[in-house]
Amino acid sequence: MAQGTTVPKLNFEYWMDKAVEWGQATTLESQKDVCLHLPQLQEFLHQLYETIKHLGPTVAIQHFPLIGQLLGRLCWNPFVIGYDENQKTLMWCLCCLYSSEPQNAVELKANSWIRSLLCHLLSSSKWESNEAETSTFISALGYTSADYYCHLVKNMVISLVTELRENQCNGLNIQESISASCVNAISIFCVPLITLPDLTPLLETLLLYHGGSSKEILSSEFLEAVNEAFLKKKISLPESAVFSLWLRHLPSLEKATLHLLDQLFSIPLNSLEEVAHVIKDSLLPQAASHPAIFRIVNDIFKNALMETDGTPEVMTIIQVFTQLFLQAYQNEYKQYKFPLKAYFPYHHQPLVRSLVRRPFELPTTYWSQHVKHISDMLKAIVEDTDVSSLTDLFEIWFLVACFGEWLDIAAEQLLKAAVEPDPVLWLLAFYYCPKNENQQRTQTMVEAQAVYNHLMTLFSCRDLSLKDLEAAVHRVTGIEQCCNQQLTTHLLTNFLLFSSGGHKIAQECIYHITEITDTSKEVYNLLIRTAYRFNHSGEENQRTVKLMNELLQKFTLKV
């Protein structure tokens with residue numbers, strides 16, 4: 001408060017004497033006297049709040065040295081707090097005395113006392129211990145003890161929510177606005193009561209509340225407690241409130257993302273429908289419609305992939321998340337959409353636009369052309385321009401890997417459609433072998449081309465045996481380089497799924513390959529990704545779907 005500002009004179013001493021006289025209103029006489037004075041007391045408390053709300057704790061106590069004693073006594077009088085808006089006004093007064101940045105032990109102790117007093121006001125469990133003292137008042141109102149406290153909390157929450165929302169609307173009117181320290185204090189007082197169902201509207205209002213301060217006005221303890229309760233499903237919040245929580249508190253967003261990964265690692269990867277359900281239920285794909293959230297979650301996934309040495313399970317999770325993010329992004333109203341560059345600011349935008357196109361958005365006859373277009377752009381970026389570091393190369397690879405749906409389609413199109421094989425093989429070779437040190441990617445291309453040519457000669461054969469595929473199988477089992485082995489296995493698995501005669505020997509052939517090589521997880525993840533896409537698009541015949549389900553059942557225990 002500016003120097004020279006006068007503080008209105010209040011009949012403070014009179015009400016202090018009354019508070020001492022009443023105590024906790026345990027006698028009939030004191031109860032009658034309290035009831036006679038309640039309207040005047042309410043007016044006094046309102047004037048007191050209007051006087052101190054802009055003073056700050058230190059100045060308020062200087063003007064009213066006994067204010068703590070007065071408020072403390074009144075808060076323990078059930079007749080006082082049960083009357084009209086007294087409870088709300090007492091709470092606001094206490095918030096005005098709370099020091100958001102305590103400077104000494106006295107202020108720390110005062111903060112602790114205020115927190116305990118607010119918890120007392122909100123918590124029915126503490127009041128129930130004084131049931132004998134308050135039962136007369138409650139009975140006179142026609143309530144049971146449980147009903148009374150339930151209504152009291154609800155009314156208090158409604159009053160606080162109304163005041164905060166009105167303040168948000170009138171934020172430019174400084175004289176009417178609630179101070180940031182008061183809002184901070186309220187958020188702290190909510191911490192022990194986060195899981196109280198009746199408090200949910202207040203939690204939502206606080207999370208969506210933005211004052212005029214450039215600093216965060218809600219306490220970090222409050223934000224952490226809300227996030228923890230939400231992740232453990234102890235509370236339910238509207239999406240807008242959850243998104244606001246993650247936008248204003250980075251540690252909560254990071255914890256939510258790591259919590260999701262822990263959840264997914266703890267469940268068997270039997271179907272991507274279950275994975276998609278868990279991811280969608282986390283609200284992270286929907287929240288990622290905001291670019292800041294998307295980039296942070298994407299970075300966490302990227303680190304998880306590097307820390308696990310690029311395991312197929314993590315890559316599959318990332319790809320499903322990306323698909324769900326695109327679904328949420330496309331469902332956004334056009335006027336609220338951010339441009340794609342906001343999500344992928346450092347990447348070649350034509351490549352980004354091609355990758356984000358979902359396969360179902362295009363006719364299947366156009367898929368081969370689209371894959372070739374992606375491959376040509378990617379090759380121009382990787383080979384025809386100067387990629388300055390391995391970090392840059394990894395960023396490009398990770399972008400392509402996130403949209404792995406197109407990679408799986410590319411491998412299928414090699415066998416199922418009349419395509420120009422070189423661009424498609426190059427795209428797959430880049431995915432499995434992004435670095436070209438010692439011509440690794442070039443060698444991968446040579447191996448893949450040989451396997452592809454051999455498989456195409458057998459693609460239309462209806463009567464196949466394992467011996468017919470001996471050359472291709474030998475290339476898989478005889479390859480030492482992991483990237484070559486994974487790509488060749490990918491091609492061979494697709495051949496078994498989609499060729500005329502591959503169905504008959506699919507189980508035997510895949511079992512033989514995975515017994516000799518360390519590709520069980522790659523095959524399994526390819527199968528569940530393909531099954532997931534077919535189940536959602538209906539693009540393939542039932543015979544192939546049935547075969548995939550049989551293979552998945554066979555290899556579940558193996559993986």
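1. The axes of helix α15 (residues 250-266) and helix α16 (residues 272-281) come within 10 Å and cross at roughly 160 degrees. Angles over 145 degrees count as roughly antiparallel, so α15 is roughly antiparallel to α16. The crossing of α15 past α16 is right-handed. Bear in mind that this is a predicted model.

2. Which residues make this contact? From α15 come L260, Q263 and L264. From α16 come V275, V278 and I279. By class, the contact of α15 with α16 has five nonpolar residues, one polar and no charged.

3. Now a second pair. Helix α21 (residues 349-356) packs with helix α22 (residues 367-383) at an angle of about 150 degrees. Their axes lie 10 Å apart. That angle makes α21 roughly antiparallel to α22. Here α21 passes α22 in a left-handed crossing.

4. The residues of this second contact can be listed by helix. On the α21 side they are P350, L351, S354 and L355. On the α22 side they are H370, H373, I374, M377, L378 and I381. The contact of α21 with α22 divides into seven nonpolar and three polar residues, with no charged ones.

5. Next, the core. In soluble globular proteins, nonpolar side chains tend to be buried together. The largest nonpolar core in this model has 182 residues. Which of its members touch the most others? They are L202, F222, W246 and L469. Helix α19 (residues 312-331) gives this core its largest share, ten residues.

6. Residues up to four places away in sequence are not counted here.

7. Last, a loop residue. Where does K234 sit? K234 is in the loop between α13 (220-231) and α14 (239-248). Is K234 buried or exposed? The relative accessible area of K234 is 53%. Exposed means over 50%, so K234 is exposed.

8. K234 also has partners to check. Leaving aside neighbours within four places in sequence, K234 is in contact with T195 and A229. K234 and I194 are 40 residues apart in sequence. In space they are 8.9 Å apart, C-alpha to C-alpha.

Key
Residues numbered from 1 in each chain as written. Predicted model: local features only at pLDDT ≥ 70, side-chain atom pairs only at ≥ 80, totals over all residues. Heavy atoms only, no water. Core = buried A, V, L, I, M, F, W, Y, C linked by side-chain atoms within 4.5 Å. Buried < 20%, exposed > 50% of the residue type's maximum accessible area, 1.4 Å probe, protein only. Helix = DSSP H or I, 4+ residues; strand = E, 2+ residues; numbered from the N terminus. Contact = heavy atoms within 4.5 Å. Axes fitted to C-alpha atoms, helices over the stretch in contact; angles between N-to-C directions. Parallel < 35°, antiparallel > 145°, perpendicular 65-115°, else oblique. Left-handed = near helix turned anticlockwise from the far one by under 90°. Nonpolar A, V, L, I, M, F, W, Y, C, P; charged D, E, K, R; others polar.
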